[in-house]
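Visitor: Hi, I've got a structure to go through with you. Can we start with the charged contacts and then move on to other things?

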Amino acid sequence: RQIVPIPPPAQQRRIVPAIEEHFSRLDAAEAALRASRAKDSRLRQALLARLGTGMKSIALGDVSIEARYGTSIRCSYDGPGWPVLRIPNIQNGHIDIHDMKYASDSNTDLKPYQIERGDLLFVRTNGSRDLIGRVAVVDTDDRLAFASYLIRVRPDQRRLDTRFAALALASPQCREQIETKTATTAGQYNLNLRSIASLLIPLPPIEQQHRLTTEIESELTVLDSVSRTIDQTLLRSQSLRRSILDEAFAGALVPQDPAE
């Protein structure tokens, strides 16, 4: 049986307008924050869309040394073998090693699946269209293999800056290509080696790639900071709503009348 606080009717009539007034202000603030987040997203897409404007394009496979699927070896959190990257480890264009699984068989040679600094890892199969084709740049020298739900592309870094490639592949132009090339099977979206190799990406001179990458990453860092601030403020707003209700039903939100 749940105990529900029931203040006197007169106090109830004072509490409700007070709650509604506070919530109305929070609603307006949250609406403004969500509008800012939408603007942030549009700015991000406009920034990435600069890549490729007025530049010649080339198939990714033509500037890559190798592309292959990952290992299908069974993995677990306490496996004795190599650490194996999976889809959850592809986060915001980077490798995240906080949720690692390990090969269950320590005798299996996973060197053919070992990643190297500068590789690109693609999510090749997923139930979400937004996640399919997402790419991360390998920026670690740790000994890591990668699982079969991923594809590794090793660019020729004399011609293609890996970080530039990752930014270009996140642009609206490339995302449209990826979603067009995606096949669906039993509710899963899939990309294969041929589809990824045929993706057209901009290829300005390598010096221009380095310069553009530095400029765009700097601007994206600012947008990331704004986005984090918006998310944190929205969380605080939810916490404020709970605090308002707590105060209301503890008799602390409106003045008390001793006669009630």
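This is a predicted model: local features need pLDDT of at least 70, side-chain atom pairs count only at pLDDT 80 or more; totals for chains, interfaces and linings use all residues.

Visitor: Okay, so what do the side chains of aspartate 141 and arginine 117 do?

Guide: They meet in a salt bridge, at 3.1 Å from N to O. Aspartate 141 sits in the loop between β10 (135-137) and β11, and arginine 117 in the loop between β7 and β8 (120-123), so the pair ties together parts that are 24 residues apart in sequence.

Visitor: Is aspartate 141 buried or exposed?

Guide: Aspartate 141 is exposed, with a relative accessible area of 62%. Arginine 117 counts as partly exposed, at 45%.

Visitor: Which residues do salt bridges that share partners join into one network?

Guide: Glu66, Glu116, Asp119, Arg152 and Arg154.

Visitor: And how many salt bridges does a search of the whole structure find?

Guide: The search finds 19. One of them is between the side chains of arginine 241 and aspartate 27, at 2.5 Å from N to O. That pair links distant parts of the chain, 214 residues apart: arginine 241 is in helix α5, and aspartate 27 is in helix α1 (residues 9-49).

Visitor: Why does arginine 241 count as buried?

Guide: Its relative accessible area is 14%, and buried means under 20%. Aspartate 27 is partly exposed, at 42%.

Visitor: Where do glutamate 215 and arginine 50 lie?

Guide: Their side chains meet in a salt bridge too, at 3.8 Å from N to O. Glutamate 215 lies in helix α5 and arginine 50 in the loop between α1 and β1 (57-59), so parts that are 165 residues apart in sequence are tied together. Glutamate 215 is partly exposed, with a relative accessible area of 33%, and arginine 50 is partly exposed as well, at 36%.

Visitor: How many residues does helix α5 have?

Guide: α5 covers residues 206-249, which makes 44 residues. From its first C-alpha to its last it reaches 64 Å, close to the 64 Å expected at 1.5 Å a residue. Glycine 251 follows α5, and its phi is positive, near 80 degrees.

Visitor: New topic: sheets. In what order do the 4 strands of the open sheet come?

Guide: The order is β3-β7-β4-β11, with mixed pairing. At the edges are β3 (75-76) and β11 (145-146), each of which pairs on one side only.

Visitor: In which sense do β3 and β7 pair?

Guide: Antiparallel, over 2 bridges, with β7 spanning residues 101-103. Serine 76 has tyrosine 102 in β7 as its bridge partner.

Visitor: Now pockets. What volume does the largest pocket have?

Guide: About 1200 Å³. It is lined by 37 residues, and Arg44, Asn92, Gly93, Arg134 and Ala170 lie nearest its centre.

Visitor: Which element gives the most to that lining?

Guide: α1 does, with 6 residues. At least two residues each come from α1, β5 (90-91), β10, α2 (162-169) and α5. By class, the lining of the largest pocket has 14 nonpolar, 12 polar and 11 charged residues.

Visitor: And how much space lies in the second largest pocket?

Guide: About 180 Å³. That pocket is lined by 13 residues, and Ile73, Arg86, Ala147, Ser148 and Tyr149 are the closest to its centre. Its lining divides into 7 nonpolar, 3 polar and 3 charged residues.

Terms used. Residues are numbered from 1 along each chain as its sequence is written. Side-chain values use heavy atoms; hydrogens and water are left out. The expected span of a helix is 1.5 Å times one less than its number of residues. Two strands pair if DSSP finds at least two bridges between them. A salt bridge is a side-chain nitrogen of Lys or Arg within 4 Å of a carboxyl oxygen of Asp or Glu. Buried means under 20% relative accessible area, exposed over 50%, partly exposed in between (1.4 Å probe, protein chains only). On a 1 Å grid over the protein atoms alone, a cavity is a set of points where a 1.4 Å probe fits but cannot get out, and a pocket is an open set with protein on both sides within 12 Å along at least five of seven lines; lining residues have an atom within 4 Å of a point. Grid points are joined across faces, edges and corners, and a volume is the space filled by probe spheres set on the points. Ala, Val, Leu, Ile, Met, Phe, Trp, Tyr, Cys and Pro count as nonpolar, Asp, Glu, Lys and Arg as charged, and the others, Gly among them, as polar.
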